[in-house]
Amino acid sequence: MSDPYVGSAEYLDLLIAGFWEAAGPEVASVLAELPPGPGPVVDLGAGSGRGVRVLGEAVPGAPVLAVEPSAVMRAALMPRILDDPGLRDRVTVLPGGALDEALPEGVRAVLALNMLGHLAGPERRELLERVLRSLVPGGVLVTNLAPPFAPVAVPRVLMARTEVGELVYEGYASAEPSGVDGLLWRMEYRTLRGDAEISAATVEYPWCVCSEEELAAEATGLGFGVRRVGDPALGLHVLGRPSAGAGPLA
Ligand SMILES: C[S@@+](CC[C@H](N)C(=O)[O-])C[C@H]1O[C@@H](n2cnc3c(N)ncnc32)[C@H](O)[C@@H]1O
């Protein structure tokens with residue numbers, strides 16, 4: 001299958017930086033409460049590695065597994081790891097999808113941020129089940145949901161804009177419904193010098209929508225505890241494996 005991130009890789013890190021500026025401290029404070037121990041932490045769909053960096057700083061010494069299927073995104077991820085002495089000895093990058101590799105045992109935290117919709121509904125449920133089984137008691141899966149939560153058309157909107165040097169980078173998103181729980185996102189990226197567009201790219205990718213209620217029902221049905229954290233606009237959800245003694249897993 002072709003990789004839509006080939007078209008967006010140039011822009012992704014630039015335009016997702018704002019999300020991480022807001023979400024990074026929230027994710028870090030969730031990670032600060034992890035049970036102690038030697039267990040690894042995992043970033044599924046690690047992209048350019050902003051989540052890996054948060055994991056590295058918030059869970060000192062833990063082995064980090066970064067799973068990223070896109071070669072172009074791994075090309076953005078690797079220098080972030082290689083150039084950071086705090087990461088290069090302990091981050092392992094696997095070139096697969098979230099369900100392509102078995103998760104290690106004794107995992108303390110899994111991030112699945114800005115990527116859950118890449119999984120179809122049954123894949124998402126399979127992932128939740130696998131993550132729950134791999135987590136230590138008290139371990140967490142941190143994920144996020146973004147609107148729309150149903151397959152409806154989304155008019156074109158400016159998602160992010162950032163300036164670097166003399167240039168401005170913009171990302172616009174729109175979507176059309178596709179099937180019972182799908183969207184086809186259309187992302188348009190522009191590089192501007194003043195008013196002149198000097199470069200542009202358009203990519204489309206399928207996305208599976210999921211409402212908060214649906215995610216909570218799936219997760220609690222398996223035995224996770226579910227809570228929201230941070231600014232609701234970030235859509236951050238923490239799915240926790242109950243601590244030992246807190247009751248049986250479903
Ligand atoms: C929007 S980016 C988010 C990257 C990163 N999690 C972040 O928040 O900065 C989504 C990432 O998910 C990856 N991805 C796509 N399908 C995936 C799958 N089946 N399993 C894991 N990751 C996947 C993409 O290659 C891309 O790097």
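Residues are numbered from 1 along each chain as its sequence is written, and side-chain values use heavy atoms, without hydrogens or water. Because the model is predicted, local features need pLDDT of at least 70 and side-chain atom pairs count only at pLDDT 80 or more, while totals for chains, interfaces and linings use all residues.

**View A. An open antiparallel sheet has 4 strands in the order 6-7-8-9.** Strands (E, at least two residues) and helices (H or I, at least four) are DSSP runs, numbered from the N terminus. Two strands pair if DSSP finds at least two bridges between them. Strand 6 (154–164) and strand 9 (196–208) are the edges. Each has a single partner strand, so one side of each lacks a neighbour in the sheet. On average, neighbouring strands are turned by 15 degrees against each other, direction ignored. Axes here are lines fitted to C-alpha atoms, for helices over the stretch in contact; angles run from 0 to 180 degrees between N-to-C directions.

**View B. Strands 8 and 9 pair, and helix 1 lies across the sheet strands.** Strand 8 (residues 182–193) runs antiparallel to strand 9, with 12 bridges between them. Trp185 stands opposite Tyr205 in strand 9. Helix 1 (residues 5–31) lies across strand 6, strand 7 (167–177), strand 8 and strand 9. The helix runs at about 105 degrees to strand 9.

**View C. Strand 4 pairs with strand 1 and with strand 5.** Strand 4 (residues 107–112) is mostly covered, with 6 of its 6 residues buried. Buried means under 20% relative accessible area, exposed over 50%, and partly exposed in between (1.4 Å probe, protein chains only). Strand 1 (residues 41–44) pairs with strand 4 in the parallel sense over 3 bridges. Val41 has Ala109 of strand 4 as its bridge partner. Strand 5 (residues 135–144) also runs parallel to strand 4, joined by 5 bridges. Val110 stands opposite Leu141 in strand 5. From strand 4 the chain passes through helix 4 (residues 121–134) to strand 5, a right-handed β-α-β crossover. Right-handed means that, with the strands pointing away from the viewer, the path from the first strand over the helix to the second runs clockwise.

**View D. Cys208 and Cys210 are in no disulfide.** For Cys208, the nearest cysteine sulfur is that of Cys210, 7.1 Å away. Cys208 is buried, at a relative accessible area of 9%. Cys210 is buried too, at 6%.

Terms used
Contact means heavy atoms within 4.5 Å. A disulfide is a pair of cysteine sulfur atoms within 2.5 Å.
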